[in-house]
Amino acid sequence: MPEEAGFPPAKRFRPGCGPPGGRVLMLLTPAASPYPEAVERQRRSLPIFPARGQLLAQLRNLDSAVLIGETGSGKTTQLPQYLYEGGIGRQGVIAVTQPRRVAAISLATRVSDEKRTELGKLVGYTVRFDDVSSEDTRIKFLTDGMLLREAISDSLLRKYSCIILDEAHERTVHTDVLFGVVKAAQRRRKELRKLPLKVIVMSATMDVDLFSQYFNGASVLYLEGRQHPIQVFYTKQPQQDYLHAALVSVFQIHQEAPSSQDILVFLTGQEEIEAVSKTCRDIAKHLPDGCPSMLVLPLYASLPYAQQLRVFQGAPKGCRKVIIATNIAETSITITGIKYVVDTGMVKAKKYNPDSGLEVLAVQRVSKTQAWQRAGRAGREDSGICYRLYTENEFEKFEKMTVPEIQRCNLASVLLQLLAMKVPNVLTFDFMSKPSPDHMQAAVAQLDLLGALERKDNQLTLTPIGRKMAAFPLEPKFAKTILLSPKFHCTEEILTIVSLLSVDSVLYNPPSRRDEVQAMRKKFLSSEGDHITLLNIYRTFKSLGGDKDWCRENFVNSRNMMLAAEVRAQLRDICLKVPAPWSLRTTSQASIRRCLAHSLFMSAAELQPDGTYTTTDSRQPVAIHPSSALFHCRPACVVYTELLHTSKCYMRDLCVVAAEWLYEAAPDYFRRKLRATRD
DNA sequence: GAGCACTGC
């Protein structure tokens with residue numbers, strides 16, 4: 001039997017680590033509460049409430065602070081209201097950033113309900129495609145990416161008096177870049193004697209010292225959480241086969257625990273999840289009498305929305321829900337009623353190699369932070385139990401924290417945005433966790449090839465094209481593709497293609513129905529590649545008025561298709577605003593391909609005599625991804641949108657091009673390449 | 001010959 005281990009003890013609010021605030025506290029207590037009684041009772045019951053006076057007294061005097069609070073402390077919904085009620089930051093807007101759209105929207109909705117105001121008035125939100133805020137908005141929830149976009153047009157973030165960076169421990173690229181942008185804005189506003197900017201970093205445990213040091217030794221305030229106790233068990237022996245171990249654990253729990261207690265299992269990807277789900281269902285059919293029945297539900301991001309929703313429905317009486325999920329259930333989706341968590345300790349994660357420009361998607365060990373996050377999913381409403389399918393000794397060897405995303409992704413977009421904000425000396429930008437110099441250089445090289453950079457007085461700045469590229473919410477190479485399209489008279493088509501590439505795949509591929517999928521898809525396949533194939537699908541979708549039944553029959557994800565249409569409209573608006581030249585629809589698909597060749601010339605591959613492919617850039621052996629329209633073809637020369645290393649190094653989203661188009665697109669670049677291969 | 005973690009502008 002696995003042995004029990006303790007959950008890290010909750011940190012308590014530490015009084016007295018700031019200036020005494022008794023006098024101020026009196027002023028803050030409202031004479032009569034404007035809230036209805038039920039809301040007031042609920043607000044007062046939150047762990048953050050007793051700390052209210054003290055928090056305000058301290059925050060009033062601090063430029064920056066780090067607020068540590070566990071799930072359920074009420075910090076995200078209450079703190080912005082406390083600040084507003086306390087008259088802190090009333091000269092401007094109080095911003096609260098979130099890594100995810102749904103969180104920003106639902107938090108704004110809840111806080112405006114508590115305030116009994118109409119959403120979009122006092123309390124509002126801003127996310128892509130959806131701005132529910134107004135002149136009156138004083139508390140604004142937004143995605144961190146959205147605030148970053150705003151910083152491009154005003155790097156001092158002048159409309160904000162206070163910026164609360166929430167969920168900072170997740171360390172998304174956007175949050176990490178914001179740390180630097182907000183810190184610089186704060187300093188600059190002080191120098192210019194403008195309205196001061198208060199910065200509050202909110203995080204679950206961990207990273208505390210890093211955050212505090214980065215913000216010039218900012219005070220750290222601790223809040224008590226309301227997490228229920230969780231018993232954690234480890235295996236006695238290391239497990240060779242975590243899938244088998246997961247199955248054994250699920251059925252062990254299933255035979256012992258009351259059927260109302262649900263199980264959440266963490267695996268790494270779609271294929272694995274579908275396979276384990278099927279095995280679970282098969283075994284569940286042959287269980288002894290008296291054993292409860294079992295409802296097995298897979299959960300991963302590419303699963304159609306309707307199927308994702310099933311995890312929120314209760315199972316019939318006497319039936320246990322077993323949810324088999326990727327790390328989508330770690331943060332993005334919270335399911336109630338989970339009593340047991342089975343953690344395989346594995347995750348599929350992307351790494352980026354700046355030398356080859358290669359993204360590697362590999363199964364690896366989770367970090368300790370991630371393992372605690374997973375365990376925490378068992379204690380949302382009541383005490384929970386977590387089975388870790390690894391030994392305590394193995395756990396001790398896990399990395400303490402997940403490597404921040406900024407150190408393992410392509411930095412071209414980040415660099416373009418920083419340059420658009422006119423950040424001086426971008427290469428030495430004050431990141432909390434610095435990416436390696438190689439990493440930055442790779443991004444410089446990429447932007448340089450796209451014609452986005454120029455050097456003035458030893459400083460990197462943007463060319464006019466570079467500035468236009470930054471206006472698009474896209475990877476720089478896609479922005480460049482759009483800006484090149486008028487030259488080839490195919491802006492309409494390129495807008496469609498780029499939109500489809502920038503949303504999650506519109507093609508739904510259930511592994512169990514592979515043959516059916518292939519048969520249905522045949523009618524859209526183009527021998528010219530995936531871009532033209534996508535264009536064919538979009539055109540049919542549009543001509544049928546976005547028919548959902550058609551989508552289902554043709555294994556097209558209608559949600560992503562609608563999203564692509566929304567993206568397309570946004571990109572078209574930006575083209576008109578920038579302003580980018582425009583062109584009428586082309587009649588030739590060759591000109592679309594030529595446009596792609598001109599913008600993706602650095603991502604090209606050539607057929608070798610032995611039938612394999614090699615990239616023209618780094619002579620890397622690559623293969624055509626099995627999902628590609630060209631999987632069974634052997635074109636002499638292609639450009640691709642993405643290289644992904646899984647079991648092999650695969651090119652994804654390919655387009656057939658003529659080799660001479662590449663040469664005409666970047667003659668200098670190819671001359672250099674040619675010389676390099678000769679040496 | 002055979003496959004794709006998760007967000008976000």
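**Chatting through a predicted model**

Modeller: A search of the whole structure turns up 19 aromatic pairs. Rings of Phe, Tyr and Trp (its six-membered ring) pair if their centres lie within 6.5 Å; planes under 30 degrees apart count as stacked, over 60 as edge-to-face and the rest as tilted.

Colleague: OK, back to rings. How do F395 and F398 pair?

Modeller: F395 and F398 are edge-to-face, with 5.6 Å centre to centre and 65° between the planes.

Colleague: Are those two buried or exposed?

Modeller: F395 is buried, with a relative accessible area of 4%, and F398 is buried too, at 6%. Buried means under 20% relative accessible area, exposed over 50%, and partly exposed in between (1.4 Å probe, protein chains only).

Colleague: Why is the pair Y669 and F670 called edge-to-face?

Modeller: Because the ring centres of Y669 and F670 are 4.9 Å apart and their planes are at 85°. Y669 counts as buried at 5% relative accessibility, and F670 counts as buried at 11%.

Colleague: Which residues do ring pairs link into a cluster?

Modeller: Y234, W372, Y390, F395 and F398. W372 also has R388 over its face, at 4.2 Å from the ring centre. A charge sits over a ring if NZ of Lys or CZ of Arg is within 6 Å of the ring centre and within 35 degrees of the ring normal. Elsewhere, R52 lies over the face of Y82, at 5.0 Å from the ring centre.

Colleague: Switching to strands: what order do the eight strands of the open sheet take?

Modeller: The order is β5-β4-β6-β3-β7-β8-β2-β9, with mixed pairing. Two strands pair if DSSP finds at least two bridges between them. Strands (E, at least two residues) and helices (H or I, at least four) are DSSP runs, numbered from the N terminus.

Colleague: And which are the edge strands?

Modeller: β5 (130–132) and β9 (219–223), each of which pairs on one side only. From one strand to the next, the twist averages 20°. Axes are lines fitted to C-alpha atoms, for helices over the stretch in contact, and angles run from 0 to 180 degrees between N-to-C directions.

Colleague: What does β6 pair with?

Modeller: β4 (residues 123–127) and β6 (residues 139–143) are parallel, over four bridges. β3 and β6 also run parallel, joined by five bridges. T126 has L142 as its bridge partner in β6, while G124 has K140 and Q98 has T143.

Colleague: Which way do the β6 residues point?

Modeller: I139, F141 and T143 point one way, K140 and L142 the other way, and all are buried.

Colleague: Which strands does helix α7 lie across?

Modeller: Helix α7 (residues 173–191) lies across β2 (64–69), β3 (93–98), β7 (160–165) and β8 (198–203), running at about 150° to β7. D176 is found in α7 and counts as buried, at 1% relative accessibility.

Colleague: What does D176 touch?

Modeller: R171, P404 and I406, not counting residues up to four places away in sequence. Contact means heavy atoms within 4.5 Å.

Technical notes
Residues numbered from 1 in each chain as written. Chains lettered and ligands numbered in written order. Predicted model: local features only at pLDDT ≥ 70, side-chain atom pairs only at ≥ 80, totals over all residues. Heavy atoms only, no water.
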